[in-house]
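Q: I'd like to learn how to read a fold feature by feature. Could we walk through one together?

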Amino acid sequence: MTKRELEVTDPAKILEILDKSKVTHIGLVDDGMPYIVPMNYGYIMEDGRLTLILHCAVKGYKLEVIAKNPVCCFEMECDVVPFEGRVPCQYGTAYSSLMGRGTIEIVEDVQEKIRLMTIFMKTQCGKDFEFNEKLVSIVTMMKVNVDEYTAKERPLPAVLRADYKE
Ligand SMILES: Cc1cc2nc3c(=O)[nH]c(=O)nc-3n(C[C@H](O)[C@H](O)[C@H](O)COP(=O)(O)OP(=O)(O)OC[C@H]3O[C@@H](n4cnc5c(N)ncnc54)[C@H](O)[C@@H]3O)c2cc1C
């Protein structure tokens, strides 16, 4: 990361970004051509290892691409606050973001689909929903087995923060 001072390594802050972002942009490669698709996600963080959970319909372009080439990259962001300045170069956007690379795995096992869908909804809504075989039979469930990720936070300039003192 070029601006090392903005890198986030605190595990609690990384979980906060994963909890708040709600939408990830999944980057795929179709025979050398990029394809990016926004999707909601759930996540599992175990021993520092991140897995994203995705769900979608049973057919569509992204599934055709994934069948040919399951590698992906992803990005998500939260706390996006545009700010102004006196001159154009003082304008900017505060944000927290997370991005990485991994491999997508289609999950076929019904009990695992139910488990993943439950986690997906917990991430999205903070609620514990119950699923059954019928409900998960109409969706495709995927895991992104994440190989590497980084997180970054660009805070508001000090003078714009509520706690600023001259
Ligand atoms: C905030 C947000 C959250 C979403 N969450 C999910 C989710 O959790 N699961 C899910 O399956 N889908 C989600 N979607 C919809 C998703 O972005 C795709 O539209 C959908 O999954 C179909 O993708 P596909 O590759 O199968 O496209 P297809 O329906 O097969 O269509 C292919 C073509 O349609 C166009 N297209 C597809 N998607 C979009 C788009 N979003 N915007 C503009 N053009 C598009 C592109 O040109 C693409 O090449 C979400 C969209 C948004 C904006």
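Q: What stands opposite His25 in β6?
A: Strands here are DSSP runs of E with at least two residues, helices are runs of H or I with at least four, and both are numbered from the N terminus. Two strands pair if DSSP finds at least two bridges between them. In this predicted model, Glu75 of β6 is the residue opposite His25. The two strands involved, β2 and β6, run antiparallel and are joined by 4 bridges.

Q: Before we go on, what should I know about the numbering and the confidence limits?
A: Numbering starts from 1 along each chain as its sequence is written. Since you're looking at a predicted model, local features need pLDDT of at least 70 and side-chain atom pairs count only at pLDDT 80 or more, while totals for chains, interfaces and linings use all residues.

Q: How do β2 and β3 pair?
A: They pair in the antiparallel sense, over 8 bridges. Take Gly27: its bridge partner in β3 is Ile36. The hairpin these strands form has 2 residues between them, and Asp31 takes a positive phi near 50 degrees there.

Q: Which other residues have a positive phi although they are not glycine?
A: The general idea: most residues other than glycine have a negative phi. Asp47 has a positive phi near 50 degrees, and its place is the loop between β4 (42-46) and β5.

Q: Which strands does β8 pair with?
A: Let's take them in turn. β7 and β8 run antiparallel, joined by 13 bridges, and Ser96 has Glu153 as its bridge partner in β8. β5 also pairs with β8 in the antiparallel sense, over 6 bridges; there, Ile53 has Lys143 as its partner. Finally, 2 bridges join β1 (residues 7-8) to β8, again antiparallel, with Glu7 opposite Lys152.

Q: What comes in the segment after β8?
A: Pro155 is found there. It counts as partly exposed because it has 13 C-beta neighbours inside 10 Å. Between the C-alpha atoms of Pro155 and Gly48 the separation is 25 Å, and the two residues are 107 apart along the chain.

Q: How do I read the largest nonpolar core, and which of its residues touch the most other members?
A: In soluble globular proteins, nonpolar side chains tend to be buried together. A nonpolar core is a set of buried Ala, Val, Leu, Ile, Met, Phe, Trp, Tyr and Cys residues joined through C-beta atoms within 7 Å. Here the largest one has 25 residues, and Leu52, Ile53, Leu54, Cys72, Phe74 and Val144 touch the most other members. Elements giving two or more residues include α1 (11-21), β5 (49-56), β7 (92-107) and β8 (140-154). The largest share, 5 residues, comes from β8.

Q: What does Val144 touch?
A: Contact means two C-beta atoms, placed from the backbone, within 7 Å. Leaving out residues up to four places away in sequence, Val144 touches Thr51, Leu52, Leu54, Cys72, Phe74, Gly102 and Ile104.

Q: Which residues are around the ligand?
A: A residue is near a molecule if its C-beta atom, placed from the backbone, lies within 6 Å of it. The shell here is Val23, Val37, Pro38, Met39, Asn40, His55, Cys56, Ala57, Gly60, Tyr61 and Lys62. β3 (33-40) gives the largest share, 4 residues.

Q: And how does that shell split by class?
A: Ala, Val, Leu, Ile, Met, Phe, Trp, Tyr, Cys and Pro count as nonpolar, Asp, Glu, Lys and Arg as charged, and the others, Gly among them, as polar. By that scheme, the shell has 7 nonpolar, 3 polar and 1 charged residues.

Q: How many helices and strands does the protein chain have?
A: There are 4 helices and 8 strands. Of the 166 residues, 19% count as buried.

Terms used
Buried ≥ 20, exposed ≤ 12 C-beta atoms within 10 Å, placed from the backbone.
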